[in-house]
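Please look over the sequence and the model below before reading on. The notes that come after it are meant to be read side by side with the structure.

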Amino acid sequence: MTVLVVATSNPGKLREMQSYLTDSNWELQLKPSELEIEETGDTFAANACLKASEVAKATGEWAIADDSGLQVDALNGVPGIYSARYGKTDKARIERLLRELGEEKNREAQFVCVVAIARPNGEIALQAEGICRGTILSSPRGNGGFGYDPIFYVPEQQLTFAEMEPEMKRRYSHRGKAFALLLPQLS
Ligand code: IMP
């Protein structure tokens, strides 16, 4: 089996990425914790490719990275690529978003995820994007997931991401959709 280094330090993302990759023919390894890649790109795709490529070159192995975030329509796409840097903790990020959105009637938003896979020499071999549309609630609901999950409501399911079982989040989420496109090519 060929080694695939999972290039993330976010425990929530890591959990999901590992579960999506368990049946693949790759031996998963965690990124060395001291290896932190600065996200200097100005798109999800640029940051996903940057992280995968730098981790591949540093470890000499194949690497997979995801760059993702929440784009709120009434805030012109904010926090977007800055979703992780929008506050110090998940709670602070959610509070800030709800404060910025205030009583705004248009609560529409989308989660975006780009997954990239790099060869050991840093060259990008594959990338895929997934999008999930939803709305932002005025207060959190549910205990599952991570990040902005408790305020992201999917109308078709009448649940927030934090209220979904992992298998359901996989089916509807931005990351699940990106992996659904990527996995057949990966094997
Ligand atoms: P980055 O891709 O490392 O820049 O971080 C993306 C950030 O977006 C995460 O730290 C979360 O705050 C948020 N995010 C991405 N995907 C999800 C998700 O599936 N649920 C909730 N928050 C997410």
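What follows is a short briefing on the overall fold, the ligand and its surroundings, and one loop.

The structure shown here is a predicted model, and every value in this briefing was computed from that model. The protein is built from five helices and seven strands, and its ligand sits in the largest pocket.

**Overall fold**

- If the C-alpha trace is laid along its principal axes, the protein spans about 50 × 30 × 25 Å.

**The ligand and its shell**

- There are 18 residues around the ligand, and of these Lys13, Ser68, Asp149, Lys169 and Arg175 come nearest.
- Sorted by class, the shell around the ligand holds eight charged and six polar residues, together with four nonpolar ones.
- The ligand sits in the largest pocket, and the elements that give two or more residues to the shell around it are strand S3 (62-72) and helix H5 (174-186).
- Strand S3 gives the most to this shell, contributing four residues.

**Polar contacts and burial of the ligand**

- In the side chain of Asn10, an N or O atom is 3.3 Å from an oxygen atom of the ligand.
- The side chain of Glu39 likewise has an N or O atom that is 3.0 Å from an oxygen atom of the ligand.
- For Arg175, which is also among the residues that come nearest to the ligand, an N or O atom of the side chain is 2.9 Å from a nitrogen atom of the ligand.
- Taken alone, the ligand exposes 500 Å², and the protein buries 95% of that area.

**The loop between S3 and H3**

- Which peptide bond is cis, with omega near 0 degrees? The bond in question runs from Val78 to Pro79, and Pro79 has its place in the loop between strand S3 and helix H3 (90-101).
- Asn76 also lies in the loop between S3 and H3, and although Asn76 is not a glycine, it has a positive phi of about 55 degrees.

Conventions: Residues numbered from 1 in each chain as written. Predicted model: local features only at pLDDT ≥ 70, side-chain atom pairs only at ≥ 80, totals over all residues. Heavy atoms only, no water. Near = heavy atom within 4 Å. Polar contact = N/O pair within 3.5 Å; in protein donor to acceptor, adjacent residues only side chain to side chain. Areas by Shrake-Rupley, 256 points an atom, 1.4 Å probe, with all protein chains shown as cover. 1 Å grid on protein atoms, 1.4 Å probe; cavity = no way out; pocket = protein on both sides within 12 Å on 5 of 7 lines; lining within 4 Å. Sits in = over half its atoms within 2 Å of the grid points. Nonpolar A, V, L, I, M, F, W, Y, C, P; charged D, E, K, R; others polar.
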